[in-house]
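Dear colleague,

I am passing on a structure that will be new to you, together with an account of what was found in it. Please have it open beside this message as you read.

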Amino acid sequence: KLSWSDYKAKPNPNSDASATTRTYLAIDYHISTDNFSYTIRSAFSRSYSWGRDKTDYILSHEQGHFDLAEVYARKLHQRMSAYRFDKRTFQKELKKIYDEVAAEKAATQEQYDRETRHSIDQEKQAEWLKKIARMLEELKEYADY
């Protein structure tokens, strides 16, 4: 769980947002003769995340962003688990998988903010937090990446 002490960046003076949560999704590949393995990282950036209005309610919205990043790390692991290594085409195929999941993550993060109006719509915010919890539960078998 996030806490306001995790938010180390100074608030952006040009933004009217209450807070910003920056997350990263990365994958490292390890290729051998006829096989590959991978390591997925889903990270929160303390140095790029900031909070201006540090309330519990705003933090719960930001936790939603962080949890969505975890959803997509699990989705990436799910897709990678199903991938069958092909020495001739793996670079293109693995890039395609990553790019698709990363684009879906970005679109969902934007949808979350748009539908909740950046947490202003409290009813939609509550719905989204339940939806995110369901997504995490549905993908729990892919949490060990």
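Read from the N terminus, the elements of the protein chain follow the order β-β-β-β-α-α-α, which amounts to 3 helices and 4 strands. Please keep in mind throughout that this is a predicted model. Taken along the principal axes, the C-alpha atoms of the protein chain fill a box of roughly 50 × 30 × 20 Å, and of the 145 residues in the chain, 39% are buried. When contacts between residues at least 6 apart in sequence are considered, 73% of them join residues at least 24 apart.

The largest pocket has a volume of about 390 Å³, and its lining is made up of 19 residues, with Ala 19, Glu 62, His 65, Asp 113 and His 118 lying nearest its centre. Two or more residues of this lining come from each of strand 1 (19–20), helix 1 (56–82) and helix 2, and it is helix 2 that gives the most, with 5 residues.

Arg 117, which is placed in the loop between helix 2 and helix 3 (122–138), has a positive phi near 55°. His 118, in the loop between helix 2 and helix 3 as well, is not a glycine either and has a positive phi of about 55°. As for accessibility, Arg 117 counts as partly exposed because its relative accessibility is 47%, whereas His 118, with a relative accessible area of 51%, is exposed. His 118 is also one of the residues named above as lying nearest the centre of the largest pocket.

A buried lysine

The last point concerns Lys 105, whose place is in helix 2, which spans residues 90–116.

With kind regards

Notes. Residues are numbered from 1 along each chain as its sequence is written. This is a predicted model: local features need pLDDT of at least 70, side-chain atom pairs count only at pLDDT 80 or more; totals for chains, interfaces and linings use all residues. Side-chain values use heavy atoms; hydrogens and water are left out. On a 1 Å grid over the protein atoms alone, a cavity is a set of points where a 1.4 Å probe fits but cannot get out, and a pocket is an open set with protein on both sides within 12 Å along at least five of seven lines; lining residues have an atom within 4 Å of a point. Grid points are joined across faces, edges and corners, and a volume is the space filled by probe spheres set on the points. Buried means under 20% relative accessible area, exposed over 50%, partly exposed in between (1.4 Å probe, protein chains only). Contact means heavy atoms within 4.5 Å.
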